[in-house]
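Please keep the sequence and the 3D view open while reading.

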Amino acid sequence: MSELLISACSGLLLAGGIVIMLIGSLGLLRMPDFYTRLHPAGMTDTLGAGLVLLGLMLQAGPTLVTVKLLLILLLLWFTSPVASHALARAALADPENPKPLLQPDLTDKETPPSSS
Amino acid sequence: MFAAATLGIMVCMGLALGRALLGPTVYDRILAVNSFGAKTVLMIAVMGFLSGRPDFLDIALIYALINFISTIAVLKFIRYGDMGWPRGSDHIPPERRQ
């Protein structure tokens, strides 16, 4: 009974993680501009990877495997935002950087009609 | 269950690869490759459980490290055109000397 419960919880966590990662990848493919693409790729990796690895941890039980999964999870949680930040800074510092398609709100300028 | 998870992660990797092939700027491609690497780490972990040998997790750990380091290294190479010199040093690459 307990094993069935653990298996069901782990399956639910895995499915949720996969769904979130699919949404993130779809955003990476479909978003109109580099800075908007940065958002799904950088954000959904943390939650998707967290859910998937948590599901695997439930399967593994209290062993060394769980410790390794926790290490992978911590590493991904620290490196994914740092890499996204470095990418955004590098793109902004580039003289011929990708121009943002979307204009910031709260300015007087009219936003140009966007067409991708 | 693990087979379905592996399949889902492979679909995600395909979408990221599509952005890497389409991407108009070089930063789009680096972003897509970084995302692809993070998904590869997860796929290695899930496939270890699929085959009943979770020893693959060491490989996943090393892959996550290499993915991060290579992203930063490629960014630095594109920014400075040189791997060896930091910003602010007096070094001018030979091809840019007047």
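## The interface of chains A and B

In this predicted model, 41 residues of chain B are in contact with 42 residues of chain A, where contact means heavy atoms within 4.5 Å. Residues are numbered from 1 along each chain as its sequence is written, and chains are lettered from A in the order in which they are written. Local features need pLDDT of at least 70, side-chain atom pairs count only at pLDDT 80 or more, and totals for chains, interfaces and linings use all residues, while side-chain values use heavy atoms, with hydrogens and water left out.

The two chains bury about 3,500 Å² between them, 80% of it on carbon and sulfur atoms; buried area is the accessible area (1.4 Å probe) that two parts lose on being put together, summed over both. Three salt bridges are found across the interface, a salt bridge being a side-chain nitrogen of Lys or Arg within 4 Å of a carboxyl oxygen of Asp or Glu. The side chains of B:Asp58 and A:Lys68 form a salt bridge at 3.3 Å, N to O.

On chain B, the elements that give two or more residues to the side touching chain A are α1, α2 and α3, helices here being DSSP runs of H or I with at least four residues, numbered from the N terminus.

| Helix of chain B | Residue range |
|---|---|
| α1(B) | residues 2-22 |
| α2(B) | residues 26-50 |
| α3(B) | residues 57-80 |

The largest share of that side, 14 residues, comes from α2(B).

Helix α3(B) has 24 residues and reaches 35 Å from its first C-alpha to its last, close to the 34 Å expected at 1.5 Å a residue, the expected span being 1.5 Å times one less than the number of residues. Its buried residues (under 20% relative accessible area, 1.4 Å probe, protein chains only) include B:Leu57, B:Leu61, B:Asn67 and B:Leu75. The buried residues of α3(B) pack against α3 (64-93) of chain A together with α2 of chain B.

B:Ser35 is found in helix α2 of chain B, and it counts as buried because its relative accessibility is 3%. Leaving aside neighbours within four places in sequence, B:Ser35 is in contact with A:Leu28, A:Asp45 and B:Ala16.

## Chain A

Chain A comes to three helices and zero strands. Of its 116 residues, 41% count as buried.

Methods
Buried < 20%, exposed > 50% of the residue type's maximum accessible area, 1.4 Å probe, protein only.
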